[in-house]
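Take a look at the model below. The text walks through one interface, one residue and one annotated region.

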Amino acid sequence: MNMMVPMVKVEEKLYQNRYIVDESRPHIQIKDADVCKSCEKQACTFCCPAACYSKNELGSVTLATDGCLECGTCRVVCQDKGNIAWDYPRGGYGISYKFG
Amino acid sequence: MVEKFDAIVIGAGPSGNAATYTLAKQGLKVLQLERGEYPGAKNVQGGIMYAHELEKIIPDFRDDCPTERHIIEQRIWLLGDDNYIGTNYRSESYNSDTPNRYTIIRANIDKWWGERIRKVGGLQICETTVTELIRDASGKVIGVRTDREGGEIHADVVIMADGVNALLAKRSGFQGEAAPENVALAVKEILFIDPELIQQRFGIKEDEGVVIEIMGKVTKGMVGTAFLYTNKESLTIGIGCLISDFKEGDCTPYKMLEDLKNHPVIKPLIEGAEMKEYAAHMIPEGGFKAIPQLYGDGWMVVGDAAHFNNAAHREGSNLAMASGRMAAETVIALKEAGKPFVAGNLAAYKKALDDSFIIKDLKKYRELPGIMHANKQFFGAYPDEITQAAHNWFTVDSVDKRTKEVSIMKSFVKRRSVFGLVGDAIKLVRAMR
């Protein structure tokens with residue numbers, strides 16, 4: 001898939017950022033994997049600027065929030081389905097921009 | 001015993017800082033809560049800072065505010081596939097003691113502002129996420145709950161300056177989710193480079209800065225813009241488009257940024273620079289029609305959380321600072337008059353906004369977001385036609401000028417039809433008037 005090329009690049013970009021990861025407490029969660037399966041577009045997989053969402057072999061979507069930039073785009077694109085539970089990380093955790 | 005403040009401000013961005021500083025300076029007991037590791041840790045801005053609004057709040061800000069370069073030249077570029085056509089405005093008069101605009105690094109400014117807030121007696125606490133508003137039986141907001149132990153705090157009024165996501169206002173039912181056509185997603189990088197190279201490549205001296213605002217084929221026909229700003233020892237490059245367009249799936253945001261960096265016109269300007277951070281942020285683009293409810297019993301909303309952004313002029317941080325200041329001034333006036341912080345009294349904040357450049361400007365451009373969203377030719381067909389026309393016109397090749405004129409006109413008509421061209425002109429006037 002040609003999508004692989006930009007995915008490699010975004011990892012290189014995210015590598016420059018400072019994150020304070022809240023182990024095993026993801027601040028964003030997919031509510032129901034079956035809803036993703038029935039989602040034709042799965043727009044989160046190409047709209048997220050940190051490529052946190054990827055299509056999986058079950059036809060659903062896998063979310064890994066470690067690289068999340070906390071922009072909120074996924075919540076906006078998924079609002080029709082309402083299948084993303086979006087919260088801020090606990091105080092002090094998550095992306096910590098040195099420059100912003 | 002739950003601690004009580006005159007006011008709680010949520011968020012340490014431009015609007016929250018303006019509100020907190022104004023309240024603290026007036027001697028009110030104010031608490032500012034920020035979820036980041038330090039002020040600025042969660043903030044993203046291009047960024048250009050407009051001096052006038054900050055000067056109103058902190059008149060002596062130039063004494064120690066860590067700005068980057070003051071701007072002496074503005075370039076507006078329309079990019080084609082391998083070319084651009086554009087305009088520049090440069091003025092020596094911007095080299096004054098009180099420059100009008102500066103490039104900034106957001107986190108540096110917010111840390112500086114945090115110190116200034118402490119100096120005037122404001123209390124700023126970081127690493128604290130507000131999880132919900134506390135309301136009394138009548139629904140009036142009387143405080144906040146945080147993710148800290150025993151994290152309940154009360155106040156006469158809560159000012160929500162929590163940015164474009166505005167989670168608290170949404171959860172409290174004060175505003176709905178933003179429509180994808182009303183928010184843009186912008187991604188940017190900061191690229192560090194020898195300042196001598198910045199000065200050579202952009203034709204500027206130490207401390208002088210250039211901003212380049214970019215439209216054209218780099219947004220791949222989506223409604224969006226890009227930018228390149230000169231900082232002291234770095235360049236900031238970014239691009240953003242409406243989320244409704246990204247949703248179509250033609251290009252990912254990071255691919256778009258990478259293509260911008262590799263554009264033959266842009267590449268020589270950033271060559272050799274080292275990328276140190278990659279950021280993403282949503283920008284409110286819906287304008288006047290997307291402004292939510294701004295106040296209620298015990299609460300006000302300011303800055304990006306109130307959707308205050310003038311997309312046409314790329315002004316956001318000054319609207320944020322001004323709205324934060326106005327919310328604070330409303331609180332100060334009510335406190336002095338001994339009046340309760342109910343919706344009827346907080347309506348004075350809305351009145352102040354209506355009388356200011358914030359609502360006047362957003363109202364002037366109220367048709368712009370809708371027209372741009374519905375007419376992608378302004379971001380696809382026109383940049384294409386205009387840059388091709390420029391290439392045709394400026395290439396000397398023994399074709400007579402009359403023939404060139406006709407071929408350029410034909411190309412425009414072929415792309416848009418005569419009615420289309422006239423219609424587009426009318427739409428542009430409607431959007432801007």
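Which side chains does a polar contact of 2.8 Å join? They are those of Asn43(B) and Asp110(B). A polar contact here is a pair of N or O atoms within 3.5 Å; within protein, one must be able to donate a hydrogen and the other to accept it, and residues adjacent in sequence count only if both atoms are side-chain atoms.

The model is predicted: local features need pLDDT of at least 70, side-chain atom pairs count only at pLDDT 80 or more, and totals for chains, interfaces and linings use all residues. Residues are numbered from 1 along each chain as its sequence is written, chains are lettered from A in the order in which they are written, and side-chain values use heavy atoms, without hydrogens and water.

Stay with Asn43(B). It sits in the loop between β2 (30–33) and β3 (48–50) of chain B. Helices (H or I, at least four residues) and strands (E, at least two) are DSSP runs, numbered from the N terminus. Asn43(B) has a relative accessible area of 13%, so it counts as buried (under 20%, 1.4 Å probe, protein chains only). Its side chain also reaches the backbone oxygen of Ala12(B), at 3.0 Å. Leaving out residues up to four places away in sequence, Asn43(B) touches Tyr97(A) and Gly100(A) in chain A, and Ala12(B), Gly13(B), Arg106(B) and Asp110(B) in chain B.

Now the interface. In contact (heavy atoms within 4.5 Å) are 54 residues of chain B and 43 residues of chain A. The two chains bury about 4000 Å² between them, 53% of it on carbon and sulfur atoms. Buried area is the accessible area (1.4 Å probe) lost on putting two parts together, summed over both. In chain B, Lys247(B), Tyr254(B) and Glu277(B) lose the most area to chain A, together 18% of what that side buries.

The rule finds nine salt bridges across this interface. Each is a side-chain nitrogen of Lys or Arg within 4 Å of a carboxyl oxygen of Asp or Glu. Glu189(B) and Lys13(A) meet in a salt bridge at 2.4 Å, N to O. Several elements of chain B each supply at least two residues to the side that touches chain A, among them α3 (106–119), β11 (183–192) and α7 (253–261). The largest share, eight residues, comes from β15(B).

Finally, the record. An unreviewed UniProt entry annotates residues 5–324 of chain B as "domain: FAD-binding". Such annotations may be inferred rather than shown by experiment. Over residues 5–324, chain B is 22% helix and 34% strand, with the end C-alpha atoms 18 Å apart.

Conventions: Buried < 20%, exposed > 50% of the residue type's maximum accessible area, 1.4 Å probe, protein only.
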